[in-house]
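Hello,

Here is the structure I promised to pass on. Have a look at it first, and then read on for what turned up in it.

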Amino acid sequence: MSSTSREAELSADRLGPSKITPLPARAAANAPAAQAHGIARNPGMKLDLGFMESMRSVNRSALERRVASLTKRRSIKADNQAAWLLRAVACMDLTTLNSNDTDERVRRLCAKAVNPFRRDIVEGLGISGEKIRPAAVCVYHPFVATAVDALRGSGIHVAAVSTAFPHGLTPLSTRLQEIEASVSDGADEIDVVIPRGLVFAAQWQELYNEIVAMRAACGEAHLKVILGTGDLATLRNVMLASMVAMMAGADFIKTSTGKESVNATLPVGLAMVRAIRAYFEETGYLIGFKPAGGISTAKASLDWLVLMKEELGRRWLEPDLFRFGASSLLTDIERQLEHHLTGHYSANHRHAMA
């Protein structure tokens, strides 16, 4: 695929509110389909250690300089900022992964996903005719059926964290059974976590085989592979683990479980999106990216959106290719939108639980 055709493929209209984009179709093709029809699903490829070797060199200082320049270069204000924040909501996986989760908490979260903004904010922004909602609700396996029932007919996806989240250290057969159980209960997205020890030991073939098996267990459900970047220690490990996950058929690569001491950071995100770009240039397949953990402010969401726009282009600002893993982010975005309309910030307790 030529650079010209790739640029044409990634070009799109200006950023603005849109309805939730459906997940990509399962049928594979070497060239991505038009945006309105989803994208070709990544079928994976054979483990190519030579390709991985070409990606080993990661310059942390250069990545940090690039990130610093990205976040300072753009100043998004007024109506433009409101539009970008609405885009952030449309790309959100609204998440609850707490030890004290209950069916009622999950139902409340789903109700917030269906109606993310107060009516006065919707009317003030003039978006009454648009269904701007989070792309998915993400829960533990025991609550998948509850979320599926609560979201039925809304167009919002249900994501389940599986494979012994957050550590991923149970036997592979047990992890695969958990995936199959979540799919059986109605989850259409599965967030799996890799055993980080396979990365430290450079056991790339074993890691590849495990992810291939997870992809097969998902069936039609889409696979998001969590690297646990805060545990991987180096950007080189992050880059190589990203490449293995994509070669094994991941639909998304995801930074963190949200349970590590260090979660999503912009330099790590930049390394991962450049791995996505390299994989696209090699295969023609578009892979999604999901930063998760610690993204709790509207300002942080704008930084991530700018990173995606500058590094991968407008096409990666759609929810079939970009997601935030977030729990409290929606509340802060709602507060920022109210400030945009009224000039005043409201207290968190004025907004429904997110």
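Let me start with Phe324, which is buried at a relative accessible area of 0%; buried means under 20% relative accessible area, exposed over 50% and partly exposed in between, with a 1.4 Å probe and protein chains only. Before going further, please note that this is a predicted model, in which local features need pLDDT of at least 70 and side-chain atom pairs count only at pLDDT 80 or more, while totals for chains, interfaces and linings use all residues. Residues are numbered from 1 along each chain as its sequence is written, and side-chain values use heavy atoms, with hydrogens and water left out.

Back to the aromatic rings. The structure holds five aromatic pairs. Phe322 and Phe324 make an edge-to-face pair, with 4.8 Å from centre to centre and 75° between the planes. For these pairs, rings of Phe, Tyr and Trp (its six-membered ring) must have centres within 6.5 Å; planes under 30 degrees apart count as stacked, over 60 as edge-to-face and the rest as tilted. Phe322 is buried too, again at 0%. Together with Phe289 and Trp304, Phe322 and Phe324 form one aromatic cluster.

Now the overall fold. The protein chain has 15 helices and eight strands, where helices (H or I, at least four residues) and strands (E, at least two) are DSSP runs numbered from the N terminus. Of its 354 residues, 57% are buried.

The eight strands of an open sheet follow the order β7-β6-β5-β4-β3-β2-β1-β8, with parallel pairing. At the edges are β7 (288–290) and β8 (324–326), each pairing on one side only; two strands pair if DSSP finds at least two bridges between them. From one strand to the next, the twist averages 25°. Axes here are lines fitted to C-alpha atoms, for helices over the stretch in contact, and angles run from 0 to 180 degrees between N-to-C directions. Helix α8 (residues 172–184) lies across β3 and β4 (189–193), at about 160° to β3.

How many residues of strand β5 (residues 222–226) are buried? Five of the five are, so β5 is largely enclosed by the rest of the structure. His222, Lys224 and Ile226 point one way from β5, and Leu223 and Val225 the other way. Five bridges join β4 to β5, with Ile190 opposite Leu223. Three bridges join β5 to β6 (residues 252–254), where Ile253 is the bridge partner of Val225.

The largest nonpolar core has 106 residues, and those with the most contacts inside it are Phe117, Val225, Met243, Phe289, Trp304 and Ile333. Helix α13 (residues 266–283) gives the largest share of this core, 11 residues. Apart from it lies another core, of seven residues, among them Leu97, Cys138, Ala159 and Ile226. A nonpolar core is a set of buried Ala, Val, Leu, Ile, Met, Phe, Trp, Tyr and Cys residues joined through side-chain atoms within 4.5 Å.

Arg56 counts as partly exposed because its relative accessibility is 27%. Not counting residues up to four places away in sequence, Arg56 touches Arg236 and Leu240, contact being heavy atoms within 4.5 Å. Arg56 and Leu235 are 179 residues apart in sequence, yet 9.2 Å apart in space, C-alpha to C-alpha.

Best wishes
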